[in-house]
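Here is a short briefing to read alongside the sequence and the model. Please keep the viewer open as you go through the points below.

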Amino acid sequence: MARPSLLLLASVLAAGCATQPSAGQVKADLIVAGDYVLTMDGDRPVLEVGAVVVDGGRIVAVGPRDEISRRYRADETLDGEGRVVMPGLINGHAHSAMTLMRGIADDRELMDWLRNYIFPTEVRFVDPEFVRIGTELACWEMIRGGTTTFVDMYYFPDAVAQAVEKCGLRVLVAPTVIDQKSPDAADAADSLRLAADFVAKWKGRNNRIIPIIGAHSVYTVKPPQLEAVRAKARELGVPVSIHLCESRFEIDYARETYSTTPIDLLEDIGFLDGPTIAAHVIYPTDEEIPILAQRKVGVIHNPTSNMKISSGVAPVAKMLQAGVAVGLGTDGAATNNDLDMWEEMRLAAFLQKVATMDPQVVPARTALRMATQGGAEAIGLGDQIGALTVGRRADLIQVSLADLHFTPMFDLVSHLVYVADEQDVVTVVVDGKLLMQEGEVLTVDAERVRAEATALADRIRTTVVDKESRTPVAAP
Ligand SMILES: [Zn+2]
């Protein structure tokens, strides 16, 4: 009888000892290990058998696994066998709550889609509850797929901010200024007033929730109103997000209405003279590309959305070559129709190759950079996130290499960009907190959100009617 008791005592003592740091070991919150640590840091982009140490929401060390084990002891250690640790993906342009309009009006071009389906549906259905549910739905999908930061442009920004505050992601929330009746405002002045109130309320409140201002576009906001947006953003010290050169329609509109191009118009009124996150930028002229670089405009390329609604092909290779900061985005789920950043990486590379008939443009490494460090630069957080270096916020993911589609593996980056998908992501950490572990999203109640989204969709389904056939567009 004595023997088991002694064994038990020995193991209790051993466990007790294990919680105490040994001499010289530094205590940290979390250690995330990997067979590979893909830092996206220029000096040492890939470490084999490494680990990242997190404390107080920041990265405090990155190095070889055995060295880290000697120097640090953490409350929690995530093993890294068969896994890659890398920066979380950055979705630079989204309208999260539009997950609730996914599939409502597919296979249409932008202006038909916007004017005949989306704007009317939004005015009728979008309220704080709609935005809360749609944003939670989007957050679940983004966490599952390894996105750690996104830029959101939508209505009822408090509902977005509150939902993201709970789910743990990092977000730039842009309330939309638009000169028409929208779900939360009567016109441009009204929406700008709401946007300014939102920024004042949320600025500096939570380092993960960054309030900014969104100007919808040059075809929905007049030049004096755009000037007012920039002036207010400058006063409040925040960037502006805008849809820019998104379609042929916008180019024609600017020519017919203002006898100029959208970029020239913005340059003329001094709009680009301040931090700008411009989504799409499909039709800059060759002369305008250096202006984007000079003005440090962050461009967000949305290949899937641009392809689906036939908006065109952005000259991404040219913009990168000219030194423009280019990131990637999904756009809303109603023009994508998912929030999968792995797909955006892949399509960003493929679309440039086929558009230029040159397989060497936008290689896998460039696509990966656009989804991480390049995206961080484009949204003005280039020194905060996007790479695994000491001092940055701890936004990182583990990708499992267990799936047979990674075997054999000759080139890690090639596999991550051209093979990996959302299901391969197993761990998501934002600001040092675990949002997903072993593939299970910890911060969004998927079943509650499913029930809420299903109930809302039932209301929408019965009222959105196809203009030509007079039948519900989303009939089962
Ligand atoms: Zn958009």
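Is histidine 95 buried or exposed? At 8% relative accessibility, histidine 95 is buried, where buried means under 20% relative accessible area, exposed over 50% and partly exposed in between (1.4 Å probe, protein chains only). This is a predicted model, in which local features need pLDDT of at least 70 and side-chain atom pairs count only at pLDDT 80 or more, while totals for chains, interfaces and linings use all residues. Residues are numbered from 1 along each chain as its sequence is written, and side-chain values use heavy atoms, with hydrogens and water left out.

**Zinc site**

- The zinc ion is coordinated by His93 (NE2), His95 (NE2), His243 (NE2) and Asp331 (OD), at 2.1 to 2.4 Å; donors are N, O and S atoms within 2.8 Å of the metal (3.2 Å for Na, K and Ca), and water is not among the atoms, so sites may look incomplete.
- Angles among the four donor atoms run from 86 to 175°, and the site is irregular. Four donors count as tetrahedral if all angles lie between 85 and 135 degrees; four count as square planar and six as octahedral if opposite donors are over 155 degrees apart and all others between 65 and 115; anything else is irregular.
- Along the sequence, the donor residues follow the spacing H-x1-H-x147-H-x87-D.
- Histidine 95, in the loop between strand E6 (89–94) and helix H3 (110–125), and histidine 243, in strand E11 (residues 240–244), link distant parts of the chain, 148 residues apart. Helices (H or I, at least four residues) and strands (E, at least two) are DSSP runs, numbered from the N terminus.
- Histidine 243 is buried as well, at 3% relative accessibility.

**Aromatic pairs and charges over rings**

- Rings of Phe, Tyr and Trp (its six-membered ring) pair if their centres lie within 6.5 Å; planes under 30 degrees apart count as stacked, over 60 as edge-to-face and the rest as tilted. By this rule there are six aromatic pairs.
- One of them is the tilted pair of phenylalanine 198 and tryptophan 202, at 6.2 Å centre to centre with 40° between the planes.
- Both residues of that pair lie in helix H6 (residues 188–202), four residues apart, about one turn of the helix. Phenylalanine 198 is buried at 3% relative accessibility, and tryptophan 202 is buried at 0%.
- Tyrosine 219 and phenylalanine 249 have ring centres 5.5 Å apart and planes at 90°, so this pair is edge-to-face. Tyrosine 219 is buried at 9%, whereas phenylalanine 249 is partly exposed at 26%.
- Tyr219, Phe249, Tyr253 and Tyr258 form one aromatic cluster.
- Arginine 205 lies over the face of tryptophan 202, at 3.9 Å from the ring centre; a charge sits over a ring if NZ of Lys or CZ of Arg is within 6 Å of the ring centre and within 35 degrees of the ring normal.
- Arginine 230 lies over the face of phenylalanine 271, at 4.9 Å from the ring centre.

**Nonpolar cores**

- A nonpolar core is a set of buried Ala, Val, Leu, Ile, Met, Phe, Trp, Tyr and Cys residues joined through side-chain atoms within 4.5 Å. In the largest, of 121 residues, Met86, Phe130, Leu169, Ile213 and Trp342 touch the most other members.
- Helix H3 gives the largest share of this core, eight residues.
- Another core, of 15 residues, lies apart from it and includes Leu47, Ile59, Ala394 and Val429.

**Cysteine 245**

- Cysteine 245 is in the loop between E11 and H8 and is buried at 0% relative accessibility.
- Not counting residues up to four places away in sequence, cysteine 245 touches residues including Glu250, Pro262 and Tyr283, with contact meaning heavy atoms within 4.5 Å.
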